[in-house]
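Have the sequence and the 3D view open as you read.

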Amino acid sequence: MSSLSTSDLASLDDTSKKEIATFLEGENSKQKVQMSIHQFTNICFKKCVDSVNNPDLSSQEEHCLSNCVNRFLDTNIRIVNGLQNSR
Amino acid sequence: MGLSSIFGGGAPSQQKEATTSAKTTSNPIANELKNQIAQELAVANATELVNKISENCFEKCLTSPYSSRNDPCIDQCLAKYMRSWNVISKAYISRIQNASASGEI
């Protein structure tokens, strides 16, 4: 991978700068989603997957995983609401 | 480079979008910058995935006093974790989509 020098970066015009700012904003929000998925998988895998004798997920495990994410998010929303109401 | 190519292979559609959208610029320097950013993010994601899988599969496959290894278990656990990642990703993204369609967020 070739790396960019500071003079390369200084030569960027305003259009490109704006373009990069928009790109960063998009990547940032995508990255937030990705990190949430990492977190949820970490939590829900521990709770839903007992045996690792089989590389495939059982339908039970699959249901558990998607329920787990949804209940985690329900909890998250309820906590935020609860904190807002208690202010 | 190695890590990001591993992650790129099994990455969800989002990650692929990131690398393709990085090529739509007219300015080659801006292009290069975007590519480098996308690359760094892919590495960060791969590192996170490797760490989480190591932690979870170590816990599931090995027991104290850790005198022997259990490679078949690790391999199956790895496959199972990746599948779980995909299930979670689908469930989370459809939840976000539903919430934004109904105006919740």
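## Two helices within chain B

Helix H3 (residues 28-61) of chain B packs against helix H4 (residues 71-101) of chain B at an angle of about 130°, and their axes lie 9 Å apart. H3(B) is therefore oblique to H4(B), a word for angles that are not under 35 degrees (roughly parallel), over 145 (roughly antiparallel) or 65 to 115 (roughly perpendicular). Axes here are lines fitted to C-alpha atoms over the stretch in contact, with angles running from 0 to 180 degrees between N-to-C directions. The crossing of H3(B) and H4(B) is right-handed, meaning that the near helix is turned clockwise from the far one by less than a right angle.

On the H3(B) side, the contact is made by B:Ile53, B:Asn56, B:Cys57, B:Lys60 and B:Cys61; H4(B) brings B:Cys73, B:Ile74, B:Cys77, B:Leu78 and B:Tyr81. Contact means C-beta atoms, placed from the backbone, within 7 Å. By class, eight of these residues are nonpolar, one is polar and one is charged. Nonpolar covers Ala, Val, Leu, Ile, Met, Phe, Trp, Tyr, Cys and Pro, charged covers Asp, Glu, Lys and Arg, and polar the others, Gly among them.

## About the model

This is a predicted model, in which local features need pLDDT of at least 70 and side-chain atom pairs count only at pLDDT 80 or more, while totals for chains, interfaces and linings use all residues. Residues are numbered from 1 along each chain as its sequence is written, with chains lettered from A and ligands numbered from 1 in the order in which they are written.

## Chain B as a whole

Chain B has four helices and zero strands; these are DSSP runs (helices H or I, at least four residues; strands E, at least two), numbered from the N terminus. UniProt, in an unreviewed entry, lists residues 35-93 of chain B as "domain: Tim10-like". That span of chain B, residues 35-93, is 85% helix and 0% strand, and its end C-alpha atoms lie 25 Å apart.

## Where the chains meet

How many residues of chain A are in contact with chain B? The count is 34 residues of chain A, against 35 residues of chain B. H2(A) gives the most to the chain A side, with 17 residues.

H3(A) and H4(B) pack at an angle of about 45°, their axes 9 Å apart, so H3(A) is oblique to H4(B). Among the residues making this contact are A:Leu65 and A:Val69 of H3(A) and B:Val87 and B:Ile88 of H4(B).

Terms used: Contact = placed C-beta atoms within 7 Å. UniProt positions renumbered as here; feature names shortened; annotations may be inferred.
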